[in-house]
Amino acid sequence: RGGCITHAHIPETARDARVVRWTTCALSDEPLGSDVVACRLGFVMNRSAVHDFILEEGAFTYRTTDAEAQAGLKKRFGHIRSPERDVCPLRLHRVEGGDASATAASA
């Protein structure tokens with residue numbers, strides 16, 4: 001996930017934080033799907049969440065309807081203006097052995 005974790009279920013260890021970052025969309029807090037992208041700041045996101053964020057132009061309501069929280073999202077992800085230029089596709093693979101962490105390769 002990238003950046004600070006804002007939910008009440010804050011991971012207690014650094015390992016848990018890494019697992020959350022590589023398995024959860026930074027924009028929507030939903031589990032990462034099969035179509036995953038990353039921005040230049042390292043945020044890992046579902047492509048559909050990026051499209052929704054760009055199309056909604058500041059009225060992004062995945063996480064909250066609170067205007068202050070939405071402004072924070074716009075500030076944190078405002079560098080993403082085009083899904084073609086500002087993000088690159090990732091191919092995530094589950095690590096064998098039952099570990100929840102993942103490795104990434106840029107497509």
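Me: Which cysteine sulfur is closest to the sulfur of Cys-88, and how far away is it?
Reply: Keep in mind that this is a predicted model. A disulfide needs two cysteine sulfur atoms within 2.5 Å. The gap here is too far for a bond, because the closest cysteine sulfur to that of Cys-88 belongs to Cys-39, at 8.7 Å.

Me: What about Cys-25, buried or exposed?
Reply: The cut-off for buried is under 20% relative accessible area. Cys-25 has a value of 0%, so it counts as buried.

Me: Which residues of strand E1 point the other way from Val-36 and Ala-38?
Reply: In a regular strand, side chains alternate between the two faces of the sheet. E1 covers residues 36–39, and Val-36 and Ala-38 point one way. That leaves the other way, also buried, for Val-37 and Cys-39.

Me: Which residue in E3 stands opposite Cys-39?
Reply: E1 is joined to strand E3 (residues 87–94) by 4 bridges, and the two run antiparallel. In that pairing, Cys-39 stands opposite Val-87.

Me: How do the rings of Phe-53 and Phe-77 pair up?
Reply: The count comes to 2 aromatic pairs. For Phe-53 and Phe-77, the ring centres are 6.2 Å apart and the planes sit at 75°; an angle over 60 degrees is what the label needs. So this pair is edge-to-face.

Me: Where do those two sit, and how many residues apart are they?
Reply: Both Phe-53 and Phe-77 are buried, and together with Phe-43 they form one aromatic cluster. Phe-53 is in helix H2 (residues 47–56) and Phe-77 in helix H3 (residues 67–77), so the pair links distant parts of the chain, 24 residues apart.

Me: What is the phi of Asp-29?
Reply: Most residues other than glycine have a negative phi. Asp-29 lies in the loop between helix H1 (14–23) and E1, and it is buried at 17% relative accessible area. Although not a glycine, Asp-29 has a positive phi of about 60°.

Conventions: Residues numbered from 1 in each chain as written. Predicted model: local features only at pLDDT ≥ 70, side-chain atom pairs only at ≥ 80, totals over all residues. Heavy atoms only, no water. Buried < 20%, exposed > 50% of the residue type's maximum accessible area, 1.4 Å probe, protein only. Pairing = 2+ DSSP bridges. Phe/Tyr/Trp six-rings, centres within 6.5 Å; stacked < 30°, edge-to-face > 60°.
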